[in-house]
Amino acid sequence: MAGTIAEQHHHLRTLLTEIEAADATAVPALILELKDALEKHFADEEAPGAFDDIVRTNAANVSPRLVQLFREHAYILRKVNALAGDPDPRARDVLRLVQAIRLHETNEMELLTDALYDDHGGSG
Ligand SMILES: [Fe+2]
């Protein structure tokens, strides 16, 4: 998946909605697409100059949350890898993964918002 991080987020959201609505026979191919998309997306987010700069420059007090977000990347990749290649993944596991990714992205958005609008590394 190419594009900016914002475009990747849009693509991921579309993909997650497709997976939720998909017929069981269509899910394995979508999971493989999701795996590729997440690998690229997380690598881009973790690259120097992406989130780390925003967070460090604007609010030093949010950086532990960034560490936590990057840990979640590893966790989510493990989960998607476990499902990728399974010809008939359990619907419950697939939905859990979709929810985990949505929650992660929500937390990420909150962190970025806090980093941009909080005072600069202060107690706030
Ligand atoms: Fe993201």
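Among contacts in the protein between residues at least 6 apart in sequence, what percentage join residues at least 24 apart? The figure is 71%, with a contact meaning C-beta atoms, placed from the backbone, within 7 Å.

Before you click around: this is a predicted model, where local features need pLDDT of at least 70, side-chain atom pairs count only at pLDDT 80 or more, and totals for chains, interfaces and linings use all residues. Residues are numbered from 1 along each chain as its sequence is written.

Start with a cartoon view. You'll find five helices and zero strands, taken from DSSP runs (H or I, at least four residues, for helices; E, at least two, for strands) numbered from the N terminus.

Now select V27, I31, L34, L38, V80, V94, L97 and I101, the largest nonpolar core. Such a core is a set of buried Ala, Val, Leu, Ile, Met, Phe, Trp, Tyr and Cys residues joined through C-beta atoms within 7 Å; buried means 20 or more other C-beta atoms within 10 Å of a residue's own. Helix α2 (27-46) and α5 (91-117) each supply at least two of its residues, and α2 gives the most, with four.

Next, pick α1 (residues 5-21) with α5: their axes, lines fitted to C-alpha atoms over the stretch in contact, come within 10 Å and cross at roughly 155 degrees. The two helices are therefore roughly antiparallel (angles over 145 degrees, on a 0 to 180 scale between N-to-C directions). Show H9, L16, I19 and E20 of α1 against V94, V98, I101, R102 and E105 of α5 to see the contact.

Note on methods: Contact = placed C-beta atoms within 7 Å. Buried ≥ 20, exposed ≤ 12 C-beta atoms within 10 Å, placed from the backbone. Parallel < 35°, antiparallel > 145°, perpendicular 65-115°, else oblique.
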